[in-house]
Amino acid sequence: MFWRKAHDEMKECVLPQGWRISFPVPWEIEHSPEGDQVIAYPKDNDLTVRISAMNAAKAGQPAPMSLMRDGFLSSVPRAFQRVPMKLVRLPGCAVDCVRGQYAENGEMAHRMCVGVATEGKLLSIGIFAKDPADIDRALPLLKTVRRV
């Protein structure tokens with residue numbers, strides 16, 4: 001199974017704008033050439049975690065948190081259902097989460113989108129899998145999200 005055992009080590013992934021998340025050591029982690037996106041996945045499963053970090057400012061002032069949240073929510077499919085997210089708790093951050101399914105290459109796939117917003121910064125996490133149970137098993141990864 002792709003999920004880690006209690007004794008497995010985790011490796012920290014440093015993301016832009018001071019965000020960090022940890023993945024089990026056996027997972028593959030790829031960084032985009034621009035450095036603003038990360039894709040992580042276990043070798044023995046179709047689960048994929050995609051992470052993007054972005055910032056927004058005008059005249060040197062960070063965008064309000066509400067604008068960052070609105071930007072995240074406008075980027076996810078409207079048909080997806082909002083779900084409570086209690087795994088990510090960071091001071092000064094707002095967390096939004098949606099979940100749903102979609103057709104990909106003629107097959108149904110599942111997706112959870114988590115947005116962590118603060119003044120001028122947004123971390124967008126997408127978890128994709130054919131089996132919704134795989135997404136559920138990957139949720140503990142969200143507990144490792146932090147800002148430095």
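# Strands, a helix and a pocket

V116 stands opposite L123 in β11. Two strands pair if DSSP finds at least two bridges between them.

The model is predicted, so local features need pLDDT of at least 70 and side-chain atom pairs need 80 or more, while totals for chains, interfaces and linings use all residues. Residues are numbered from 1 along each chain as its sequence is written, and side-chain values use heavy atoms, leaving out hydrogens and water.

## The seven-stranded sheet

How many strands form the open sheet that runs from β3 to β8? There are 7, in the order β3-β4-β5-β11-β10-β9-β8, and their pairing is antiparallel. At the edges stand β3 (28–31) and β8 (81–82); each has a single partner strand, so one side of each is left without a neighbour in the sheet.

Helix α1 (residues 65–75) packs on this sheet, touching β5 (48–55), β8, β9 (94–104), β10 and β11. Contact means heavy atoms within 4.5 Å. The direction of α1 makes about 175° with that of β10, where axes are lines fitted to C-alpha atoms, for helices over the stretch in contact, and angles run from 0 to 180 degrees between N-to-C directions.

| Strand pair | Bridges and direction |
|---|---|
| β4 and β5 | 4 bridges, antiparallel |
| β5 and β11 | 8 bridges, antiparallel |
| β10 and β11 | 9 bridges, antiparallel |
| β9 and β10 | 11 bridges, antiparallel |
| β8 and β9 | 2 bridges, antiparallel |

You can find single partners within these pairs. Q37 has S52 in β5 as its bridge partner, and R50 has G126 in β11. Further along the sheet, A103 is partnered by M108 in β10, and Q81 stands opposite R99 in β9.

In another, β9 and β10 have 2 residues between them. N105, in the turn of that hairpin, has a positive phi of about 55°, although N105 is a residue other than glycine.

Is N105 buried or exposed? N105 is exposed, with a relative accessible area of 77%. The words are set by cut-offs: buried is under 20% relative accessible area, exposed is over 50%, and partly exposed is in between (1.4 Å probe, protein chains only).

## The largest pocket

Which strand gives the most to the lining of the largest pocket? The answer is β11, with 4 residues. Altogether 15 residues line this pocket, and R50, S52, S124, G126 and F128 lie nearest its centre. At least two lining residues each come from β4 (37–41), β5, α1, β10 and β11.

The volume of the largest pocket is about 190 Å³. On a 1 Å grid over the protein atoms alone, a pocket is an open set of points where a 1.4 Å probe fits, with protein on both sides within 12 Å along at least five of seven lines; lining residues have an atom within 4 Å of a point. Grid points are joined across faces, edges and corners, and the volume is the space filled by probe spheres set on them.

Strand β2 (residues 19–24) is joined to β12 by 2 bridges, and R20 stands opposite R146 in β12.

Now look at A56, in the loop between β5 and β6 (57–58). A56 is partly exposed, at 30% relative accessible area. A56 and G120 are 64 residues apart in sequence, yet their C-alpha atoms are 4.9 Å apart in space. Leaving aside neighbours within four places in sequence, A56 is in contact with Q61, P62, A63, M68 and G120.

A59 sits in the loop between β6 and β7 (61–62). A59 has a positive phi of about 55° although it is not a glycine, and at 79% relative accessibility A59 counts as exposed.
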